[in-house]
Structures are given as structure tokens and as C-alpha cells.
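Please read the following report alongside the sequence and the three-dimensional view.

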Amino acid sequence: MRHTPLNIFLLLIITVLLSACSRQTIYEHAIGWERSGAGLEAAQITVGNLNIAYLRSKEPVEGDNLVLIHGFGANKDNWTRLARELKGEYNIYALDLPGHGDSSKPLDIGYRFEDQVRYVHQTLARLGIEQFHMMGNSMGGAITAVYAATHPEQVQTAVLFDPAGIFEYESELVELVMKGDNPLIPKEEGDFDRLLDFALEQRPFMPWPILGVMEENAIANRDVNEVIFRAIRDTGFEPAFRNTITNIQAPVLVVWGKLDRVINYRNADVFVEAIPNARKALLDGIGHAPMVEAPGKSAERFRRFLAEQQP
């Protein structure tokens with residue numbers, strides 16, 4: 001059965017009517033339905049001193065591996081809608097980066113891109129995943145790019161959704177942060193709703209119990225989010241990242257929503273110019289997270305991109 005947002009809403013209403021469920025319980029059921037519809041299950045692994053949570057395909061397939069890296073302040077469940085579109089085609093692994101989701105959230109480790117690439121590499125090594133296609137969004141897009149440059153023998157192709165790392169063309173976010181206002185880090189009630197409005201042009205359906213729990217989680221993560229943001233905020237203005245991505249050997253697709261307020265879509269051209277074998281795809285009417293806002297279109301762009309790599 002394909003779990004549409006309307007189906008999930010109806011199931012939630014039935015759950016509320018038949019039992020005195022807490023918002024947290026409703027949230028957990030909804031997330032579980034989303035994962036199940038995408039053919040995913042939750043798992044955890046210990047990597048050094050870190051506990052890393054991730055989603056993986058319930059049923060292995062004969063196809064390639066696909067590794068998914070979320071953005072700043074997000075988590076592995078940002079990929080369930082895209083994973084549903086690609087269900088049965090790939091062995092999918094969606095990671096919670098340290099400091100995010102259900103993974104460990106230490107305040108005293110490095111969170112620069114190269115640090116996070118190291119954590120991802122260690123995690124994939126522990127999972128025994130040697131070669132894969134890789135996708136990343138925002139901060140995760142920058143991590144994917146650096147990973148592809150650092151471990152070219154592993155990455156078959158890379159897809160960067162509205163990637164961080166280059167801010168040659170500034171955005172609304174840069175202007176707000178310079179004024180001391182960061183909409184990406186919720187601090188109080190109402191901030192998470194503002195974050196969604198700022199980051200997403202096409203907001204997915206989200207019943208109030210789920211939105212409430214997500215806001216509580218985001219506010220609870222404020223301290224670690226502040227640490228991570230400080231670690232990565234200036235990278236887009238530094239030359240190191242641009243120099244690193246020139247070493248990428250894998251084919252790269254840069255996908256960008258033209259209504260992105262977090263990172264200006266015109267930076268796509270800078271990525272394409274810096275990466276030897278890269279091309280871009282701009283999406284009208286889409287904001288900062290195409291895989292959330294337009295999962296079907298994002299999946300189709302990926303399939304077309306792979307087809308173009310065939311001799």
C-alpha cells in the first residue's frame with residue numbers, strides 16, 4: 001500500500017479517536033508509516049565513541065547502494081519521500097549525522113565538513129559499504145562533495161541538492177544571520193514553523209501533533225545546532241572547499257530549487273564550473289529541499305542523470 005499524506009492523516013485521526021495517545025506516540029506512528037511506505041527500517045551502529053542512527057532498506061536488492069546525507073538541523077527522515085520513489089531500485093542508507101536526529105550529540109567534537117566526512121567514512125566502513133551513489137542536501141551536499149573528492153574510489157555518482165559550501169551569491173539567510181537572526185535554529189515556540197516557511201517553498205502536509213513534536217526536538221537541539229553552525233558558517237567564503245571539490249572524479253548532478261532562500265541558486269554555476277564532470281538542474285517553484293518538496297521530480301532527475309552516464 002502506498003502511504004500518501006492523506007492516508008497518514010486519516011490513520012492519525014483514527015488513532016487519536018480510539019486511544020488517548022500522546023503527541024509523541026502519534027509522531028512515532030507517523031514516522032513509522034512513512035518509513036514503512038519507503039521500504040525502510042531504523043537501525044543503529046557504534047562508531048568509535050559515537051552512536052550513529054540510520055535508515056536502511058528492509059529488503060536488499062540486486063541494485064547499487066545509495067547513501068543519503070541530510071542537511072543542517074535535519075535528520076535521516078528528510079529522505080523518506082525520495083526513498084519511496086526509488087524503493088526497490090537501490091539498497092538505501094540514510095544516515096543521521098553526529099549532532100542530529102537519533103545519533104550522538106556531543107558538543108566537543110569537530111563539525112567542519114572534513115570532520116563530518118570522516119564520521120561518514122567511518123560509519124560506511126563499519127557497515128561494509130564500499131561503493132555507492134551519494135546524495136546530500138545543503139550541509140549534506142557539501143559533505144557529499146568533499147566525500148567524493150576525498151574518497152573517489154567509492155563514489156559512483158554524486159547528487160548535490162542545494163549544497164552549502166559556496167556563497168559567492170548571497171541569500172536571504174546570509175542577510176538575516178549578519179543581523180543576528182538565524183531562522184535555521186529554533187529557540188522558542190513558533191520558530192520551527194517559521195523555519196519551514198523559510199526553507200521550503202512547497203511544504204509537505206504535516207498534522208499538528210507531528211509539527212509540535214518536531215518543534216520540541218528542534219528547540220531541545222539548540223545548543224548542538226549552535227556549535228555546528230559556528231563550525232560551518234564561514235566555509236562558503238573560504239577557498240579550501242572550492243579547491244577540494246576540483247578533485248571530484250565522479251559524475252555530479254547539482255539540483256537547485258530556484259526559490260531557495262537559504263542558499264542562492266545562482267551558486268549552482270560556481271559548483272558546475274569547479275567540478276570537472278558536473279551538470280545542473282534548476283527546479284522552478286521549489287525551495288531549499290527538492291527531495292522533500294518534489295520527490296518524484298528529484299527521483300526522475302536522478303534516473304535521467306544516470307542514463308546520461310551510459311556509453
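## Aromatic pairs

Across the whole structure, a search finds eight aromatic pairs, where rings of Phe, Tyr and Trp (its six-membered ring) pair if their centres lie within 6.5 Å, and where planes under 30 degrees apart count as stacked, over 60 as edge-to-face and the rest as tilted. One of them joins Y90 and F302, a tilted pair with 5.6 Å centre to centre and 45° between the planes. This pair links distant parts of the chain, since Y90 sits in the loop between α3 (80-85) and β4 (91-95) while F302 belongs to helix α13 (residues 295-308), 212 residues apart. Helices (H or I, at least four residues) and strands (E, at least two) are DSSP runs, numbered from the N terminus. Both Y90 and F302 are buried, a word used here for under 20% relative accessible area, with exposed meaning over 50% and partly exposed in between (1.4 Å probe, protein chains only).

The rings of F167 and F237 have centres 5.5 Å apart and planes at 50°, so this pair is tilted. It too links distant parts of the chain, with F167 in the loop between β6 (155-161) and α6 (172-178) and F237 in the loop between α9 (222-232) and α10 (239-245), 70 residues apart. F167 is buried, with a relative accessible area of 12%, whereas F237 is partly exposed, at 47%.

## Basis of the model

This is a predicted model, in which local features need pLDDT of at least 70 and side-chain atom pairs count only at pLDDT 80 or more, while totals for chains, interfaces and linings use all residues. Residues are numbered from 1 along each chain as its sequence is written, and side-chain values use heavy atoms, with hydrogens and water left out.

## Helices that pack against α8

Helix α2 (residues 23-37) and helix α8 (residues 208-220) pack at an angle of about 100°, with their axes 8 Å apart; the axes are lines fitted to C-alpha atoms, for helices over the stretch in contact, and angles run from 0 to 180 degrees between N-to-C directions. That angle makes α2 roughly perpendicular to α8, because angles of 65 to 115 degrees count as roughly perpendicular, those under 35 as roughly parallel, those over 145 as roughly antiparallel and the rest as oblique. From α2, the residues R23, Q24, I26, Y27 and A30 meet W208, P209, I210, G212, V213, M214, E216 and N217 of α8, contact meaning heavy atoms within 4.5 Å. The residues of this contact of α2 with α8 divide into eight nonpolar, three polar and two charged, where Ala, Val, Leu, Ile, Met, Phe, Trp, Tyr, Cys and Pro count as nonpolar, Asp, Glu, Lys and Arg as charged, and the others, Gly among them, as polar.

Helix α7 (residues 191-199) also packs with α8 at an angle of about 100°, with the axes 9 Å apart, and α7 and α8 are therefore roughly perpendicular to each other. Here D191, F192, D193 and L196 in α7 meet L211, M214, E215 and A218 in α8. By class, this contact of α7 with α8 has five nonpolar, no polar and three charged residues.

## Helices α4 and α5

The axes of α4 and helix α5 (residues 139-150) come within 9 Å and cross at roughly 70°, and the two helices are therefore roughly perpendicular to each other. F113, Q116, V117, V120, H121 and L124 in α4 meet M139, A142, I143, V146 and Y147 in α5. The residues of this contact divide into nine nonpolar, two polar and no charged.

Within helix α4 (residues 113-127) lies Q116, which is buried, with a relative accessible area of 0%. A polar atom of the Q116 side chain lies 3.0 Å from the backbone oxygen of Y111. Not counting residues up to four places away in sequence, Q116 touches L97, Y111, M139, I143, I228 and I232.

## Two loop residues

H151 lies in the loop between α5 and β6 and is buried, with a relative accessible area of 13%. Leaving aside neighbours within four places in sequence, H151 is in contact with V117 and H121.

P276 is placed in the loop between α11 (267-274) and β8 (278-283), and at 60% relative accessibility P276 counts as exposed. Leaving aside neighbours within four places in sequence, P276 is in contact with I245, T246 and I248.

Definitions and conventions
Polar contact = N/O pair within 3.5 Å; in protein donor to acceptor, adjacent residues only side chain to side chain.
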